[in-house]
Structure formats: structure tokens, C-alpha cells
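The following questions and answers concern a single protein model. Please consult the sequence and the structure shown here.

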Amino acid sequence: MAKDSDTMVPAPLREASREGYPRRRDLAVSLVEELERRIREDLLKAGDKLPTEAMLMAHFGVSRTVVRDALARMKAAGLVQSHQGVGTFVASTLRSKPFCVDDAEGPGHALAALELRLGVESEAAVLAAQRRTAEDLAAICHAYEALRTALAEEADTAHADLRFHLAIAHAAHSPHFASVLEALGPSAVSSSIFERAHASHVNGVWELEVLEEHGNILAAIRLKDPEAAGAAMRLHLAKSRGRRRAAST
């Protein structure tokens, strides 16, 4: 599409950092706001193809994680639609009241998201243990290994964490579970940024806890044990809420 370059004048969003890590959430929100402005002003019209991830990274001076987070938020809000192997397009019909949860305004929003997830994902885990197929289990296992690798390499875990929880939501074979998680986005699902900022004084204990908790969820779903799966997910999310509260103090 010709407009890929015409409508995207380079306007870098500064990768501001605080205590050694980028404020990815703030950058993602800023990128969403800029793209929304272009849609409102008809610089990007319904059906227009957005620039590639690489082009957005170059134009706005942000990381791939920021771009993916921003696009996930816009997809959840019904602003864009993705077509595998083709690209991301401005939605033909925009939702008037999209479901969207944004924790950018502080820890209170993140804690509220976790309270929502406690109910939704505990039931999703129960259904996943009952309904999962061999292909579903393989997807959950792959996501778990991606999370393990990210933790071992001290890389950002947000997308690996979201991928794990989305795999379970899909394994429940009830579409609304995945829709809720997609609306929340990686920054609300993962608390890795907060935990990493405080991990030095606990010698990585939180990272080990997170991996063990995910492993327990996976084991219960593998064994097709609904009660254990639901309990493991509820425990993980309850402990995640505690970790996020501790990290925000």
C-alpha cells in the first residue's frame, strides 16, 4: 500500500528509562494515541494497511515489544484487524464501545486486571483441563518453554507470559476467554517489569516462583485434572497480585 510510507512521518517516541529499564507501557500508550490520531484525521482510513513492525519501529524509535503491545491494544479496541501472512489493517467498522483495560495509570489498574483474571482464567484452566486436545497441550508446552527461556536469559517475559495464558484460554474452546486476555494485553498480563525491578533483593526468588506456578498449571492440564488446574491458576494469579503489590511499594 502506498500509504505505508506516506502517512508515517518519522516521529520518534523517546525510549525514556527509569532505574535501568524502558518505560515500555508508556511508549505503547503513546504509539496507540498517535495511530488513533491518524485514524481520526483520516490520514489512515478504513481498510488501509498499517506499516510493518519494522517500519513502525524505525519511524517511532521504539522496540518490537512496544510495537506489538500497541498493536495488541488497538486490536482489542477494534481499531485494527490482523490477517495472518498479509498484515494489519485499519478496521472497516470501528466498535463504538470497545472493551479495553489499560493499566498505564498506575498499580491500581494492574491490580484490578488481576482481580478480573482471577475469575476468568481460573475457569478457563478448568475447562482447558477438560477439553484440551493434543494440539492444545503442545501449544501450552511451547509457550511454557518460551517463558522458561526468557526467564533464563533475563529477557522481557511479557509476550511469553501472555502466550502461555492465551494458549490455555484457547484450550478451553470458549472464545470469550481469549478475547478478554487479548483486551488486557501483555503489559497487564505480565508483571515481569515490576518483578525484575525488585528481583535483586530477593535473589531471583520471584522468577523461580513464577516458573514453578506455570509448571503446576501445565501439569494439571496435561493430566486432565480440572480441579487441580483451576486451583493452580488461582494460586498463581493470587501470588501475582501479591508480587505486584510488593513491587509497587
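Q: Is E227 buried or exposed?
A: This is a predicted model, in which local features need pLDDT of at least 70, side-chain atom pairs count only at pLDDT 80 or more, and totals for chains, interfaces and linings use all residues. Residues are numbered from 1 along each chain as its sequence is written, and side-chain values use heavy atoms, with hydrogens and water left out. Buried means under 20% relative accessible area, exposed over 50%, and partly exposed in between, with a 1.4 Å probe and protein chains only. The relative accessible area of E227 is 69%, so E227 is exposed.

Q: In which helix does E227 lie, and what distance separates its C-alpha atom from that of Q130?
A: Helices (H or I, at least four residues) and strands (E, at least two) are DSSP runs, numbered from the N terminus. E227 belongs to helix α12, residues 226-247. Along the chain, E227 and Q130 are 97 residues apart, and the separation of their C-alpha atoms is 9.8 Å.

Q: How many helices and strands are there in the protein?
A: Of the 249 residues of the protein, 48% count as buried. The secondary structure comprises 12 helices and 4 strands.

Q: Among contacts between residues at least 6 apart in sequence, what percentage join residues at least 24 apart?
A: Contact means heavy atoms within 4.5 Å. Among contacts in the protein between residues at least 6 apart in sequence, the share joining residues at least 24 apart is 72%.

Q: Are α6 and α11 roughly parallel or roughly antiparallel to each other?
A: Axes are lines fitted to C-alpha atoms, for helices over the stretch in contact, and angles run from 0 to 180 degrees between N-to-C directions. Helix α6 (residues 134-152) packs with helix α11 (residues 205-222) at an angle of about 170°, the axes being 11 Å apart. Angles under 35 degrees count as roughly parallel, over 145 as roughly antiparallel, 65 to 115 as roughly perpendicular and the rest as oblique. The two helices, α6 and α11, are therefore roughly antiparallel.

Q: How many nonpolar, polar and charged residues does the contact of α6 with α11 have?
A: On the α6 side the residues are L137, I140, C141, Y144, L147, R148 and L151; they meet E207, L211, H214, G215, L218, I221 and R222 in α11. By class, Ala, Val, Leu, Ile, Met, Phe, Trp, Tyr, Cys and Pro count as nonpolar, Asp, Glu, Lys and Arg as charged, and the others, Gly among them, as polar. The contact of α6 with α11 has 9 nonpolar, 2 polar and 3 charged residues.

Q: Which residues is L137 in contact with, leaving aside its neighbours within four places in sequence?
A: L137 is found in helix α6 and counts as buried at 12% relative accessibility. L137 and I221 are 84 residues apart in sequence, with 7.7 Å between their C-alpha atoms. Beyond its neighbours within four places in sequence, L137 is in contact with R132, L218 and R222.

Q: Which residue in β4 stands opposite H83?
A: Two strands pair if DSSP finds at least two bridges between them. Strand β3 (residues 80-83) pairs with strand β4 (residues 87-90) in the antiparallel sense over 4 bridges. These strands form a hairpin with 3 residues between them, and G85 in the turn has a positive phi of about 80°. V80 stands opposite V90, while the residue opposite H83 is G87.

Q: What is the phi of D42?
A: D42 is found in the loop between α2 (24-40) and α3 (53-60). With a relative accessible area of 46%, D42 is partly exposed. Its phi is positive in a residue other than glycine, with a value near 65°.

Q: What distance separates the C-alpha atoms of A76 and E182?
A: A76 is placed in helix α4, residues 64-76. With a relative accessible area of 8%, A76 is buried. A76 and E182 are 106 residues apart along the chain, and their C-alpha atoms are separated by 5.9 Å.
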